[in-house]
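Visitor: I am new to protein structures and would like a close look at one single part. Please pick a residue, show me its surroundings, and then lead me on to the rest.

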Amino acid sequence: MTTTFSSYERNLTFDHLKEEQLDLLVIGGGITGAGISLDAVTRGLKTGLVEMQDFAAGTSSRSTKLVHGGLRYLKQFEVKMVAEVGKERAIVYENGPHVTTPEWMMLPFHKGGTFGPLTTNIGLRVYDFLAGVKKNERRTMFKPDEALQREPLIKRDQLRGAGFYVEYKTDDARLTIEVLKKAVQKGVHAINYTKVIDFIYNDQNKIVGAIMEDTITGEKHKVYAKKVINAGGPWVDELREIDGSKKGKALHLTKGVHLVFRKEVFPLQQAIYFDTPDGRMVFAIPRDNVAYVGTTDTTYKGDIANPKMTVKDRDYIIDAINYMFPSLDITAEHVESSWAGLRPLIAEADNENPSEISRKDEIFVSDSGLISMAGGKLTGYRKMAEHAVNKVTDQLKEEEGILYSKSETEHLPVSGGEVGGSKGFKDFKNRKVSQATAQGLDEQTALMLVQRYGANFDKVMELYETNIEKAKTEDIDPVVFAELLYAMKYELAYKPVDFFVRRTGALFFEIGWVRDHKDNVIRYMAKELNWTDDQTNAYVEELDQLLHDAVVPVES
């Protein structure tokens, strides 16, 4: 049976989901749900996945965009977590080298700060050991003058030196999409904008499926499955409430905000991980033509779908920047863009301190059989998926005597990652950039496309070459047009926000590009996907609201 991941064939995906009983229905299309669906399908389970917003629209497009080893968890003595997550980093990188890149991180320490030369040296050495860090990526220690050479902007006053170690930066939303595309390629039926509104139970009150609504058409569908996994991220407890099984531990949502600055305003050369006067740790990371800084960590009780930056969030980060980079004099006017995301942590009822709540993932199984997964980190998504699918296969073995294989994702490239690992990607990149420049693309654009799409670059280039004239007719830049066509045909982008936020990351990192292209892109999408006038107006409003929220904070 062919699977599709095209906005032109949404109905076909619904038909497939309803065709026969699934072995597993995954609810939630963030990195956790995507990882679970890939792990399950590669073990031979008939798998479906539904997401009520767009894929990665929640936490999985609003993180610090690092596949990192959790150095700060050493401070909380979460040794097992550091060891597991550190090793996973390398696996995520090798399976998708186009979407994950090593980034040397500098940790400056000042007199009276959280870290000193000794604690940093010991901490990083333990980290290298636990995380199994490659020889050429192990930490080194800098004297103050070396640290200032790497990044002249850091505070000179009472600087005692710095640690230097490797993290990995990623595009979290694209990582999620690439994992999902690989899952779909392997046979998963996945659909966005599809909200589970109720569960289907048998005579023994066990879950045997779900009733869902296509939020685009309003149509309702019944999908049957032997097992159902709730990977709803911040919405996990809402699904447990529908099932009537929310008891014991509950989610504690915390909000993290990041600010983006143009390079001219914040000419950061080197990624910095620094402590603020109140003891929190903050990242400042250069990325293309911008630098971004975050994150905050505050308890959140508001609208889960639309967390917003507050004045307090913005000012906290600006104060942190001016503390560590005093020569910049950053003000609110300098903020180019921002994003706010939620962390779905698992808390005992009496713990309200965000920084003390564990980032571990946990699985809850309700009396009805609903399996819920919560907590965890972007970096550990593959291991979390393995644990969740192990739970499913153990149950199916017990109930039906079916034996499934162990997880097969450790050496499985995600979509676009089929380039021979990190070593192979270097050659692949050089080869493809040469080809593209020979075909008239400038080198910077070619590099961006190879880095964004990896092994799928050829498909994007084919769309580029065969649609140059059509792009002119539609008054859309030919490269933008090729990316748009690819997003609609192969990445299930249905709304403008899908393209401008999750498929390209542009709303965060190139907000001017969004403003330049949005009108013509929206006009083309409306025509191609047969939106009604009401839909078009709603989707325009949604994008405009996000453009506004990225720059203008709310009071509280």
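Guide: Let's start at Lys155, which touches His110, Tyr323, Met324 and Pro326, leaving out residues up to four places away in sequence. Contact here means heavy atoms within 4.5 Å. A word on what you are looking at: this is a predicted model, in which local features need pLDDT of at least 70 and side-chain atom pairs count only at pLDDT 80 or more, while totals for chains, interfaces and linings use all residues. Residues are numbered from 1 along each chain as its sequence is written, and side-chain values use heavy atoms, with hydrogens and water left out.

To find Lys155, look in the loop between helix H5 (144-150) and strand E6 (159-170). Helices (H or I, at least four residues) and strands (E, at least two) are DSSP runs, numbered from the N terminus. Lys155 counts as buried because its relative accessibility is 16%; buried means under 20% relative accessible area, exposed over 50%, and partly exposed in between (1.4 Å probe, protein chains only). Phe109 sits 46 residues from Lys155 along the chain, and 9.8 Å separates their C-alpha atoms.

Next, compare some other buried residues. Gln53 belongs to the loop between strand E2 (47-50) and strand E3 (66-67), and it counts as buried because its relative accessibility is 18%. Beyond four places in sequence, Gln53 touches Gly58, Asn192, Tyr193, Trp235 and Ala305. Thr194 is 141 residues from Gln53 along the chain, yet their C-alpha atoms are separated by 7.1 Å. Glu386, in helix H9 (residues 381-400), is buried with a relative accessible area of 17%. Its contacts, again leaving out residues up to four places away, are Asp39, Arg43 and Ser407.

Now move to helix H17 (residues 511-528), where Lys518 has its place. Lys518 counts as buried, at 15% relative accessibility. Apart from neighbours within four places, it is in contact with Phe500, Leu543, Asp544 and Leu547. Val514 touches Phe500, Leu543 and Leu547 as well, along with Ala506 and Leu507, with residues up to four places away not counted.

Val514 brings us to the largest nonpolar core, of 72 residues, where Leu441, Phe499, Leu507, Val514, Trp531 and Leu543 have the most contacts inside the core. A nonpolar core is a set of buried Ala, Val, Leu, Ile, Met, Phe, Trp, Tyr and Cys residues joined through side-chain atoms within 4.5 Å. Helix H14 (residues 478-490) gives the most to this core, with nine residues. Apart from it lies another core, of 58 residues, including Val26, Ile177, Ile229 and Leu370. In soluble globular proteins, nonpolar side chains tend to be buried together.

For contrast, Asp533 in helix H18 (residues 533-549) is exposed, with a relative accessible area of 62%.

Finally, step back to see the whole. The protein has 18 helices and 18 strands. Its radius of gyration is 23 Å, close to the 24 Å that the globule rule gives for 556 residues, so it is as compact as a globular protein of that length; the radius is taken over C-alpha atoms, and the rule is 2.2 Å times the number of residues to the power 0.38. The C-alpha atoms fill a box of roughly 70 × 60 × 50 Å along the principal axes. Of the 556 residues, 60% count as buried. Among contacts between residues at least 6 apart in sequence, 73% join residues at least 24 apart.
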